[in-house]
Amino acid sequence: MVETTPMFEADDLARYFDVSRPWLQRVLAGEGRRTLKAVDGVSFRIPKGTTLSLVGESGCGKSTVARLVVGLYRPTRGRVLFDGIDLEQARAMADQRRRMQMIFQDPYASLNPRWRVRDIIAEPIRAFGLIEGGAAQQRRVGELLSQVGLSPLDGEKFPHEFSGGQRQRISIARALSSNPEFLVCDEPTSALDVSVQAQILNLMKDLQRRLGLTYLFISHNLAVVRQISDRIGVMYLGRLVELAPAETLFEAPRHPYTRALMEAIPDLDMTGRQRIPVGGEVPSPISPPSGCPFHPRCPLANDRCKAERPALIPARGTPETVVACHAVEEGRDGAAFVTMNQRMGTTATAL
Amino acid sequence: MAPILEVRNLRVEFPTRRGTLVALDDVSFDIAPGEVLGVVGESGAGKSMTGAAIIGLLEPPGRIASGQVLLAGKRIDNLGYEQMRRIRGREIGAIFQDPLTTLNPLYTVGRQLVETIQTHLGLNDAEARRRAIGWLEMVGIPAASQRVDSYPHEFSGGMRQRVVIALALCAEPKLIVADEPTTALDVSIQAQVIALLKGLARDKGTAMMLVTHDMGVIAETADRVAVMYAGRIAEIGPVREVVKHPKHPYSVGLMASIPPLDRRVEHLAQIDGAMPRLSAIPPGCAFNPRCPEVFGRCRVERPDLLDAGATRAACWLYDPASEKRAPEAMRHG
């Protein structure tokens, strides 16, 4: 098979933030600079027309990756290619910039309350000069509104006249108005109620089929991610710990953290399965643990895990999965790996 | 056993310039000692409002227009602010979503616990401090005897929520109202906090009202569940029945739209449309414009909770006098 250029490629992507206290306080307290490594060496590629999802708990760096991908942050380190072009260069060219858009989590904060919906949606069209003439622009806005399941007449209204789900549809229509090929979606359904979440997920899947869109989907909800992804990356403390095809990840999760995440989801089928809570909490990314960042919470940790940081390598048994875990590499995860599938008789989770 | 909490035909109104909005309409339920009642629904359905009305913390101009709230058989909905303040903490513990807004950032957690314990139980300093440390241990805070002198900002989110739980429980209330206690927490921490809450309610015989939009949390924690829609209870019954065999068409749609974790589905079940605003609740059943089973009288008459097998559902499908009955699949689940 001929390898086509992926829509998006990140190689050793990193972003650090300086969280030092002000100079005088630092000097008085005799402490040095402090760096928060929000994203620390993340690599992935997203083939055209597919969806890559990044999951993880708060603070794992997934939203920072989203912002790096659309160029809202500059990377501290690493190379980012958008359809084969360096992202920095692509961002400088309007006709490349037009090809990527972002959908944000909070549809209450991401729409200007003083603008009519038709102006919100037409803004990218005007900014990129895609369609000349007011009448033609308004026809296109009407089309976009119908495409996301709203009425063309809704263009006359203001955002406050819509519910959360409808506002998220407006955000999607705005993102689509520049005919993008790549959408970065940062928790697009987590502010929505479950019945509305289903509407938006169905809409996004439908649009992907019809328009051939490529998605980077950021979420903390594993059940949502399963419905929409081709591949899934699990992040922990600024790094990818596992990256696998969606079905493989759920059928055979390999990293102890991925397994713990799945175990921790409440059991809606009430099979009587006992949830096994992950002990402890996510450590501070300012002073991450040595070696594997998950080792203080990991049931399989040994001395090597405390000292040496594991690399992301293909997993034994499921080579399409890459996983950063010494236990998996050494085959120490065997028993736990087999029982996982039997325990996964679950339907889950948040409304 | 006599219920600890009884809510009878509760109606909450918000007078506005454009007329009176009815936020809660004819809400009735009770909670027995040691029982956890889950309250679910979409945002704006009135679940948090119900909790706020019970603990006497409705935001003005909201007010209880009619109905009663009884705690251990005594009415509390007509008490004054000072009387209600004494009941909150002593007899009703409240846990809110955001632990940071519940804790006072200027006092150590120990001082806040000691103050609550002394106010309600009248113990001396040493005894109250001993109890405070005991509660911190009970909610799983490591090195409690040292942490008792820490300030809230020195705790992580999960640990802070544990402190809030300790604070709600330390006066040994009869009832706990927990409004989205785990929503601000990550899923791995959620499981720890839920196990804790459930264990404490069971061991102490405390009644608990658990408000959340997370069905998974409800399925795991609650004994019974009430599904709310547009300010009314749409369905109430044992948790297993409501989750696995819902009877109200709204509960059916709600359960079906939860994305499954164990498989991928091409098209998720969805309920079209959105919940009506309080100012535009349709006549008849509030769910009728979105309901796949809607028929004549749904658009005219408002249904009360009717027997629907193992649960009670506010739906005309379950009235023997209706011209239409529930489809076979829905009646038997």
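The part in question is the side of chain A that touches chain B: which elements contribute to this side, and how many residues of each class does it have?

Reply: The account below begins with the contact and then turns to each chain. The model is predicted, and the values that follow should be read as computed from it.

The contact between the two chains draws on 38 residues from chain A and 38 residues from chain B. On the chain A side, the elements that give two or more residues are helix 7 (164-176), helix 8 (194-211), helix 9 (222-228) and helix 11 (256-263) of chain A. Helix 8 of chain A gives the most to this side, with seven residues. Sorted by class, the side of chain A that touches chain B has 20 nonpolar, twelve polar and six charged residues.

UniProt, in an unreviewed entry, places the feature "domain: ABC transporter" at residues 14-262 of chain A. In the model, the end C-alpha atoms of residues 14-262 of chain A lie 27 Å apart. This span of chain A is 41% helix and 23% strand.

Chain A also has paired strands. Strand 1 (residues 8-18) of chain A runs antiparallel to strand 4 (residues 77-82) of chain A, and five bridges join them. One of the bridge pairs links A:Phe8 with A:Phe82 in strand 4 of chain A. Strand 1 of chain A is also joined to strand 2 (residues 35-46) of chain A by nine bridges, and these two strands run antiparallel. Here A:Phe17 has A:Leu36 in strand 2 of chain A as its bridge partner. As a general principle, the side chains in a regular strand alternate between the two faces of the sheet.

Of the 333 residues in chain B, 49% are buried. Among contacts in chain B with a separation of 6 or more, 63% are between residues 24 or more positions apart.

The largest nonpolar core has 200 residues, and those with the most contacts inside it are B:Ala166, B:Val227 and B:Tyr229. Leaving aside residues up to four places away in sequence, B:Ala166 touches B:Leu113, B:Trp135, B:Leu136 and B:Val139.

Conventions
Residues are numbered from 1 along each chain as its sequence is written. Chains are lettered from A and ligands numbered from 1 in the order in which they are written. This is a predicted model: local features need pLDDT of at least 70, side-chain atom pairs count only at pLDDT 80 or more; totals for chains, interfaces and linings use all residues. Two residues are in contact if their C-beta atoms, placed from the backbone, lie within 7 Å. Helices (H or I, at least four residues) and strands (E, at least two) are DSSP runs, numbered from the N terminus. Ala, Val, Leu, Ile, Met, Phe, Trp, Tyr, Cys and Pro count as nonpolar, Asp, Glu, Lys and Arg as charged, and the others, Gly among them, as polar. UniProt positions are given in the numbering used here, feature names are shortened, and annotations may be inferred rather than shown by experiment. A residue is buried if 20 or more other C-beta atoms lie within 10 Å of its own, exposed if 12 or fewer, and partly exposed in between; C-beta atoms are placed from the backbone. A nonpolar core is a set of buried Ala, Val, Leu, Ile, Met, Phe, Trp, Tyr and Cys residues joined through C-beta atoms within 7 Å. Two strands pair if DSSP finds at least two bridges between them.
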